[in-house]
Amino acid sequence: MPTQHSDIGLIGLAVMGQNLVLNIESRGYAVSVHNRTAEVAERFVAQHPGRRLRAEPTLAGFVASLSRPRKVMLMVQAGAAVDAVIDSLVPLLEPADIVIDGGNSLYTDTERRDARLTALGLRFVGTGVSGGEEGARKGPSIMPGGPASTWQELRPIFEAIAAQVDGEPCVVHIGPGGAGHYVKMIHNGIEYGDMQLICEAYALLQAAGCTAPEMAAIFERWNDGELQSYLIQITAKALAQTDPDTGRPIVDVILDKAGQKGTGQWTLLNAAENATVISTINAAVEARVLSAHKALRVHASTRLHGPAGTLAGIDRERFVAQVHDALYASKVVSYAQGLALMQVMSRQRGWALDLGAIARIWRGGCIIRARFLHRITEACAAEPELPNLMLAPFFRELLNRCQPAWRAVVAQAVTAGVPVPAFSASLAYYDSLRSARLPANLLQAQRDFFGAHTYERVDRPEGERFHTEWPEVIG
Ligand code: 6PG
């Protein structure tokens, strides 16, 4: 049994936790581990001989094994489990000890826990950790919240274990309280958007008659260009994979019912609470919801009429290029919406989120890592108070260039009966944003008609309210 204290301790040895421990240890830190089922921790340490790892079967022993101020990282399931572990830890900790929650916790839970632990003289950090199992082991993107002074204590470890891009670690102090988990939630919302947009591109290519291996080649080619990203890369690989049992492409035997753990839904709720439009992410979440109603869809498929969902006889090469542009433009809309929401919350909570830095740490390690993210950082640097990412010169030009193809794709999809909720939501947002006049004038007339809610006029100063005596409606 080692006598020296460990630099950090981690509770929760599911795969993410295990991989994070191995990552931290490989950067020269001694790590104590504890798991609810003690044998899991014992086995884990036994499987990695010669490492500076230490399994502690009791929580008291675990806490005692750490150097002061103690750094205890939790990698347990978000929700009640986090509170349960904190409850058991609190009596064992001393002032200034740091508890780090690295799970996908809801940011308001993080704020509640932060307030509680701070009142007890402890320090709390809610941190987003993105990158899945592989990211945790080789270098995730890390989004820590909490006080800046606490960040300085964690900084050496976090910078050592994070993914590196161009010599820069993919971690930055996001802001106080729940800011880190909030930004991870937005990351996940954007992840949902990206995934759904890719799925719609796949559906369109399939409708155009492409086989899975052909689509694998298309996505691989796209991954060499502007769309380069982890999600495009894994999509190419997934499409190329064969099912060993049937010899068919594995995607053809996977049931079309999507799962979700809730971070996308939280993003929608937050956007609704803040009157902010995130229609692409919204469409992505709803597409997952509707996909899960498989039996209803199968039933409806024989009752509700429409085109067969095929795009026969089109110029395939041209169409592939159009889908590429539609995907890219829709993706930009989705990021613009996610960023706008972060900006609103940043102002409202006084978080002072640095959107350029956030885009920078998303370039590596996380699920949405992508080549184009540095363009967001550049746009934010050029104009910190940018009203909408879509108006930054690079993105504006990109959207202007892609919009004819984007329109053609959505129009063809609608005509052929191929559902493209995220592509069309993105395009509708684009067209709404560039509309100097929307039909909301009529909406105001309706409101004034039934509720005397008043309206403003185009020929009078803003803020001046008017009411019309509308004709009476009988019946
Ligand atoms: C990440 C992922 C990760 C996880 C999500 C997906 O950044 O590493 O976002 O956190 O894959 O929870 O959740 P769903 O099950 O909702 O798709």
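Figure 1. The partner of glutamate 226 is arginine 401, and their closest N and O atoms lie 3.0 Å apart. A salt bridge is defined as a side-chain nitrogen of Lys or Arg within 4 Å of a carboxyl oxygen of Asp or Glu. The pair links distant parts of the chain, 175 residues apart: glutamate 226 sits in the loop between α9 (212-222) and α10 (230-240), and arginine 401 in helix α18 (residues 393-416). Helices (H or I, at least four residues) are DSSP runs numbered from the N terminus. Arginine 401 is also partly exposed, with a relative accessible area of 45%.

Residues are numbered from 1 along each chain as its sequence is written, and side-chain values use heavy atoms, with hydrogens and water left out. Because the model is predicted, local features need pLDDT of at least 70 and side-chain atom pairs count only at pLDDT 80 or more, whereas totals for chains, interfaces and linings use all residues.

Figure 2. The side chains of glutamate 134 and lysine 138 form a salt bridge, with an N to O distance of 3.1 Å. These residues are separated by about one helical turn, because they are four residues apart in helix α6 (residues 132-138). Glutamate 134 is partly exposed at 45% relative accessible area, while lysine 138 counts as exposed at 57%.

Figure 3. The side chains of arginine 457 and aspartate 459 meet in a salt bridge of 2.8 Å, N to O. Both residues are partly exposed, aspartate 459 with a relative accessible area of 48% and arginine 457 with 38%. Elsewhere, salt bridges that share partners join Asp83, Asp101, Asp109, Arg112 and Arg113 into one network. The whole structure contains 28 salt bridges.

**Figure 4. Residues around the ligand.** The ligand is surrounded by 13 residues, of which Asn104, Ser130, Glu191, Tyr192 and Lys261 are the closest; a residue is included if one of its heavy atoms lies within 4 Å of the ligand. Polar contacts are pairs of N or O atoms within 3.5 Å. A polar side-chain atom of serine 130 is 2.4 Å from an oxygen atom of the ligand. For glutamate 191, the distance from a side-chain N or O atom to a ligand oxygen is 2.6 Å. Lysine 184 places a polar side-chain atom 2.9 Å from an oxygen atom of the ligand.

Figure 5. The buried residues of α13 are Ser279, Thr280, Ile281, Ala283, Ala284, Val285, Ala287, Arg288 and Ser291. Among the elements covering them are α8 (179-207), α12 (263-273), α14 (294-301), α15 (316-349) and α19 (421-433).

**Figure 6. Glutamine 322 in helix α15.** Glutamine 322 lies in helix α15 and is buried, with a relative accessible area of 11%. Leaving aside residues up to four places away in sequence, glutamine 322 touches Ala405, Ala408, Val409 and Gln412, a contact being heavy atoms within 4.5 Å.

Notes:
Buried means under 20% relative accessible area, exposed over 50%, partly exposed in between (1.4 Å probe, protein chains only). Helices (H or I, at least four residues) and strands (E, at least two) are DSSP runs, numbered from the N terminus. A polar contact is a pair of N or O atoms within 3.5 Å; within protein, one must be able to donate a hydrogen and the other to accept it, and residues adjacent in sequence count only if both atoms are side-chain atoms.
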